[in-house]
Amino acid sequence: MKKIQYSKTYRIIHWAIAISFLLLLITIFLRLTWMNKFNMAAIIQEYLNDTGQVLSEEQGIALAKKIRQPMWDWHIYIGYVLVGLFSIRFILPAFGQMRIQNPLAKNISTKAKFQKWTYIIFYVCVIVSLVTGLIIELGPKELKKPMEDIHVLGVYYLVAFIVIHLAGVLVAEFTEHKGIISRIVSGPKKKANKARK
């Protein structure tokens, strides 16, 4: 079976997108857990009570939001980076690189169709997340709440895709595409010269 080769451009875009998504997940994870506004407000309230100071619940939540705002700003910055990366990703096929594969192509296996459909669905979900994110930041205020309701769903498809993607890579590595991980990391290996001078 012919080995899949990945160009330098492909590998740079792939890993830039992967790292950006990982950083986004970290900001989401922090926001939902340790840096949750209610958890932080409770910690602030407990500290102030111990020192004899008083702060209302609303004031505590407002203070918690301000404390975690720099972290959430990074979520927005990374979102802009992803808009740029995916713009490049969707422009590259016009130059013959990183072509989006057709899941409806004839003579492909069920496994290949599943893989191609997974990517198509992933790209559609990413576009929805990026567009809703841009509308939240740059659009009219009346659209902010409905866009946030859609945007927050992105964590579910992202985690699902990462699990499916990693599982697929591992299956490929140990079956018909041995060495796929090293090729996506370092590219094709150069053949060593048989004769040395």
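The model described here is a predicted one. Within it, Thr 27 belongs to helix H1, which covers residues 8-32.

A polar atom of the Thr 27 side chain lies 2.6 Å from the backbone oxygen of Leu 24. When neighbours within four places in sequence are set aside, the residues in contact with Thr 27 are Met 71, Trp 72 and His 75. Trp 72 also takes part in another arrangement: Arg 31 lies over the face of its ring, at 4.3 Å from the ring centre.

## The nonpolar cores

In soluble globular proteins, nonpolar side chains tend to be buried together. In this model, the largest nonpolar core comprises 20 residues. Those with the most contacts inside this core are Ile 17, Phe 21, Leu 82, Phe 86, Phe 122 and Val 126. At least two residues of the core come from each of H1, helix H3 (57-91), helix H4 (110-138) and helix H6 (154-173). The greatest contribution is that of H1, which gives six residues.

There is also a second, separate core, made of eight residues. Among them are Met 35, Met 40, Ile 44 and Ile 61.

## Contacts of Phe 122

Phe 122, named above for its contacts inside the largest core, touches Phe 21, Phe 86, Tyr 157, Leu 158 and Phe 161 when residues up to four places away in sequence are not counted.

## Aromatic pairs

A pair of aromatic rings is described by the distance of the centres and the angle of the planes. The count of aromatic pairs in this model comes to 12. One of the pairs is formed by Phe 90 and Tyr 123, with 5.5 Å from centre to centre and 80° between the planes. This pair is therefore edge-to-face, as planes over 60 degrees apart are classed in that way.

The pair links distant parts of the chain, since Phe 90 is in helix H3 and Tyr 123 is in helix H4, 33 residues apart. The two partners fall into separate accessibility classes: Phe 90 has a relative accessible area of 31% and is thus partly exposed, whereas Tyr 123, at 12%, is buried.

Both residues belong to a cluster linked by ring pairs. Its members are Phe 21, Phe 86, Phe 90, Tyr 119, Phe 122, Tyr 123, Tyr 157 and Phe 161. Within this cluster, Phe 21, Phe 86 and Phe 122 are also listed among the residues with the most contacts inside the largest nonpolar core.

Conventions
Residues are numbered from 1 along each chain as its sequence is written. This is a predicted model: local features need pLDDT of at least 70, side-chain atom pairs count only at pLDDT 80 or more; totals for chains, interfaces and linings use all residues. Side-chain values use heavy atoms; hydrogens and water are left out. Helices (H or I, at least four residues) and strands (E, at least two) are DSSP runs, numbered from the N terminus. A polar contact is a pair of N or O atoms within 3.5 Å; within protein, one must be able to donate a hydrogen and the other to accept it, and residues adjacent in sequence count only if both atoms are side-chain atoms. Contact means heavy atoms within 4.5 Å. A nonpolar core is a set of buried Ala, Val, Leu, Ile, Met, Phe, Trp, Tyr and Cys residues joined through side-chain atoms within 4.5 Å. Buried means under 20% relative accessible area, exposed over 50%, partly exposed in between (1.4 Å probe, protein chains only). Rings of Phe, Tyr and Trp (its six-membered ring) pair if their centres lie within 6.5 Å; planes under 30 degrees apart count as stacked, over 60 as edge-to-face and the rest as tilted. A charge sits over a ring if NZ of Lys or CZ of Arg is within 6 Å of the ring centre and within 35 degrees of the ring normal.
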